[in-house]
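Subject: Model for you to look at

Hello,

Here is the structure I promised to send. Please open it, then read the notes below.

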Amino acid sequence: MRALTGHRATWPLLALVVILIVDGIIAPGFFAIRIVEGRLFGTPIDILYRAMPIALIALGMAVVIGSKGIDLSVGSIVAVVGATIAWRIKAGDPHFVILLTALAVGILCGMWNGFLVAVLNIQPIIATLILMVSGRGIGLMINLIYGGTDPSFESPLLQGLSVGSIGYVPTRLILFAGLFVALWLLIRRTALGLFIESVGGNAAAANLAGINARLITFSVYVISGLCTAWAGIILTADVHTSDPVSVALFSELDAILAVVIGGGSLAGGRIYLGMTLLGALVIQTLATSILMSGLPPEYNLLVKAVVVLFVLLLQSNNARDAVFTLFRRRKG
Amino acid sequence: MGETGVTDSSTLRIEMRGVSKTFPGVRALEKVDLQLKAGEVHALLGENGAGKSTLIKIMTGALPRDEGEIRLDGHPVEINTTADAQALGISTVYQEVNLVPTLTVTKNLTLERQPRRFGLISWGRARALAKQRLKRLNLEIDTERLLGSYPVAIQQLVAIARALEDDTRVLVLDEPTASLDANETELLFKIMRDLKSLGIAIVFITHFIDQVYQVADRISVLRNGRMVGTAPAAELPRLELISMMIGRELAAVEARLATSKSEAGGEPVLAAVGLGRRRTMTPFDIALRAGEVVGLAGLLGSGRTETAKLLFGAIRPDSGQLKVDGKAVKRFSPGHSLRYGILFCPEDRKAEGLVGELTVRENIMLGLQAKRGWMRRVWKDEQKRLTQEMIEALAIATPDAEKPVGQLSGGNQQKVVLARSLVAKPKVLLLDEPTRGIDVGAHAEVVALIRRLCAEGLALLVASSELDELVAVSDRVAVLRDRRKVEEMSGADITRENIIHTIAGG
């Protein structure tokens, strides 16, 4: 029992299961998965499908938070990446070049954040706030390059990566799995994860142990930029237009939330990639459930907030102990 | 033994009876009795993990006890929170300074009890109050400066000033002298004597046996969560005390372990020529040779840490040269030094040594991994093997290698810092206060380890405030005064008296 309540995956997983059970009761056929027009179809698949962009952003966020940083600029990076894609398509670049350009833009944004935090020693929340505020404006200015009148586009390649499918499985799920494995290998099968965690846990000690704390700090923002760029490609190709004002709005908050639900601490020092994915799934399952439950949309945000608060309280040892003590006293 | 300390209960200030405490997997205290008389300095001794901190935390309400009772001036009292303890006049100054370095001295001294006027804080009166509190300790410092801008010693005294109330009946000092030099320690002892004349019972926790005999009236010894005994200091010979603490007869400490082959040397592995940095350290020369220990003596603030950090590249020099194997170093950083085989064990374990949340294994691997770079990860099996080797070689007391290092006791944390350097196979090891805040048993082990490493052909630099330790291990001793290297002695010249004489500037 101790081992079970103690494991960090128990409570987020339990929350996910409870939400799914409630869904199963209020929406018969919730778990049905069919094959329609040669691809998997059904609510669980839909949840996975929709969770991917936030899950991608959250993975990068988990790495940043592990270094005791934070990246508020992810939503704006998505906007810049989207605007760049639309612009280069209008300019007539080959689409696979645009794919690489989009990723490069994300990395460049990450390098900017990393420069501010690691080289200029600006506190991460302030440093990334700068791009958060300016990024959407930059996106709008990129739209202006070609007049900005019609930022929509068609791209078989990018849309294939976003909304297409390989066999029965949506392409974005496969690509996510690939990126997840690659990131996991980078963090856990090289010493990068250990270095990031030691810098997040105690930067002065890591530095004296001979770790280049500055370079490590720089790299986490680049990783976040890359993950976010990939989310930006998916989100932009999905709606096949550049919409810097509202694309991925508040995604930084969802991403931070996913990390925290996954047991990550803003005090830094630990990276949990698998748990962060679980956190992103909890958030998306909740969002889909609220939509399906027929609650008026006005209630959505409040219900989400209450459930998230509940999940976080479940995770807190102190809160659990307090509840159990109360429970025991009632009994006795 | 146990009965000698018990006295007429009317003079007892605080009495703890049959106190037990169990943590998951550890019996921290087993029916411990402790009696403090009014107006005495009572030394509470024991090795790391003996249960001193747990006992004190129970007395001060920071931890709940499982069983037992506490009596204050003869009356049973309930102490469930630190606020309870404070209301009863039990004050504590913990080992790690628990103040806010980014606030001014005044703000630290009046935190949570600022004098108010019309519901608003009156800073004028707060300053007066702060001055008055400091005056009790004869401390005259600018109360408007940030606390963090003062040396640790001053911060320690400010912490004591903060803990003292007009109605303080029991004052607990947890290793108050760990970072004080001789003068400051003497000042503190004078203050302690003043306070006990007011009838305050003072609990003095320390690892310095000399200081116990200087200031304590009675001594209690804990070992493995049990009270071994209490005795008046005058009736407890030093050797008996130490054997009470470690539970075995201490092998006679050799006065001088160092071999007298000093000048044998050969080419220095690491040599500084006129190395220095303005306002940090006056340019100095020093040479470290394989198989030789160089001691670094001096008072607190004389530049010991700065010298070590300059040699390590953690402080960038602005003059002079650093040569490794005769070749001048061009870029200064811990990372570069590491690749030259130079490693550094910092004095402040918590702030600069370890990553508390990471496990023992991860902390130990950090040094080697940093040397290999992020791409060449040490495989898990190899990590486990190396960690296990280190745990056994240094006798690190930990249930397993996956325990967060922040949960180990001070001495074991120090060994982890050492282990981290040793797995990286250093050629030169710079140790800053390697025995700070660790107990007698671990102290002897660390000293023996230093000798062993030296015999294996390492070049060592040991910066220490404990002269006996330096005398015991060093082949040569560099003496620092006011951020300047004033003397280097070797061989038979290395004596406690000589070093003190040089430090004093004679």
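Confidence first. pLDDT is the predictor's confidence in each residue, from 0 to 100. Chain A as a whole has a mean pLDDT of 90, with 97% of its residues at 70 or more. Where pLDDT is low, the predicted coordinates should not be read in detail.

The conventions: this is a predicted model, where local features need pLDDT of at least 70, side-chain atom pairs count only at pLDDT 80 or more, and totals for chains, interfaces and linings use all residues. Residues are numbered from 1 along each chain as its sequence is written, chains are lettered from A and ligands numbered from 1 in the order written, and side-chain values use heavy atoms, without hydrogens or water.

Now the interface. Chain B puts 27 residues into the contact and chain A 21 (heavy atoms within 4.5 Å). About 1,900 Å² is buried between them, 67% of it from carbon and sulfur atoms. On the chain B side, B:Leu366, B:Trp374 and B:Arg377 lose the most area to chain A, together 30% of what that side buries. Buried area is the accessible area (1.4 Å probe) that two parts lose on being put together, summed over both.

The rule finds 1 salt bridge across this interface (a Lys or Arg side-chain nitrogen within 4 Å of an Asp or Glu carboxyl oxygen). B:Glu362 forms a salt bridge with A:Arg270, with the closest N and O atoms 2.9 Å apart.

Best wishes
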